[in-house]
Amino acid sequence: MSPLSNLYLCTYNSLNAIGWAIALSRILSSFVTTKSVNGAYASAGELICLLQTAAFLEVVHGAIGLVPSGVVNPLMQWGGRTHFLLAVVRQIDEVQELPSIFITFVAWSLSEVIRYSHYALSCMGSCPYWINYLRYTAFIVLYPIGMAPGEMWLMYQALPFIKKKHLHEHLFNGLPFSYYNSFMVLLLCYPFLWLKLYLHMFKQRRSKLGKHHEKKKL
């Protein structure tokens, strides 16, 4: 990798680590101040929407070979999260104060602070083993928490509001199904799509942490 590309990736990942850390601090500060989980979106929702939308750059990074992640998995994760945020949560005020938003945002923020810190330190060539271990271990707990009581539960809670508000109905004019119908199908498929990404992380874990154990044996 050229020094310029490395500098770009180091800057990109550092800024994202800082951005997600700020989002996490806002959420926790709101919780401590109000003794309530209802303020998660109000305190950090717009920042998280911005960070998640900008993460499309990671799909581009994979597509042009800047990083070895490929396109499919980054696109699936980006698409799922961005749809969840911009097409559902941001459009329905009634779901923005639900506990499932707090759970989702905390799980995402913790995951991303760890992930981007790991990437940034790796670009600098000074990533300690404990950060590497955390990167490929914390997801085991954080991903299911973010998905089940977080994203999926909120999507289920959003269903009556999507139907009542005829959400995104204009985009489906002339089609034999509505956004509500497609959203229900997505909700049914969501665990299987998520499982693909989850198992991919376990594969990465074996690859990254396995190398370290092999070196220790040598």
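1. Glu 112, a buried residue. In this predicted model, Glu 112 has a relative accessibility of 3%. The cut-off for burial is under 20% relative accessible area, so Glu 112 counts as buried. The residue is part of helix H5, which covers residues 99-124.

2. The surroundings of Glu 112. Which side chain does the side chain of Glu 112 meet in a polar contact? The partner is the side chain of Arg 115, at 2.7 Å. When residues up to four places away in sequence are not counted, Glu 112 touches Trp 20, Arg 81 and Ser 117.

3. His 61. Helix H3, spanning residues 56-63, contains His 61. With a relative accessible area of 4%, His 61 is buried. Leaving aside neighbours within four places in sequence, the residues in contact with His 61 are Tyr 8, Leu 9, Tyr 12, Leu 66 and Val 67.

4. Val 89. This residue is placed in the loop between helix H4 (72-88) and H5. Is Val 89 buried or exposed? Its relative accessibility is 0%, so Val 89 counts as buried. Once residues up to four places away in sequence are set aside, Val 89 touches Tyr 41, Phe 84, Val 95, Gln 96, Ile 101 and Leu 154. Between Val 89 and Leu 209 there are 120 residues of separation in sequence and 36 Å in space, taken from C-alpha to C-alpha.

5. Lys 35 and its backbone angle. Most residues other than glycine have a negative phi. Lys 35 is not a glycine, yet its phi is positive, at about 55°. The loop between helix H1 (3-34) and helix H2 (40-54) holds Lys 35. The cut-off for an exposed residue is over 50% relative accessible area; Lys 35 has 68% and is therefore exposed.

6. His 166 and its backbone angle. Where in the chain is His 166 found? His 166 is in the loop between helix H7 (139-165) and helix H8 (179-217). Although His 166 is not a glycine, it has a positive phi of about 55°.

7. The fold as a whole. How many helices and strands does the protein have? There are eight helices and zero strands. Read from the N terminus, the order of elements is accordingly α-α-α-α-α-α-α-α. The radius of gyration is 19 Å, close to the 17 Å that the globule rule gives for 218 residues, so the protein is as compact as a globular protein of that length. Along the principal axes, the C-alpha atoms fill a box of roughly 60 × 45 × 35 Å.

8. Of the 218 residues of the protein, 43% count as buried; Glu 112, His 61 and Val 89 are among the buried residues. Among contacts with a separation of 6 or more, 75% involve residues 24 or more positions apart. One such case is the contact between Glu 112 and Trp 20.

9. Surface and charge. The protein has an accessible surface of about 11900 Å². Carbon and sulfur atoms account for 69% of that surface. The protein carries 18 positive and 9 negative charges, and the mean positions of these two groups are 13 Å apart.

Note on methods
Residues numbered from 1 in each chain as written. Predicted model: local features only at pLDDT ≥ 70, side-chain atom pairs only at ≥ 80, totals over all residues. Heavy atoms only, no water. Helix = DSSP H or I, 4+ residues; strand = E, 2+ residues; numbered from the N terminus. Rg over C-alpha atoms; globule rule 2.2 N^0.38 Å. Buried < 20%, exposed > 50% of the residue type's maximum accessible area, 1.4 Å probe, protein only. Contact = heavy atoms within 4.5 Å. Areas by Shrake-Rupley, 256 points an atom, 1.4 Å probe, with all protein chains shown as cover. Lys, Arg positive; Asp, Glu negative; His and termini not counted. Charge placed at Lys NZ, Arg CZ, Asp CG, Glu CD. Polar contact = N/O pair within 3.5 Å; in protein donor to acceptor, adjacent residues only side chain to side chain.
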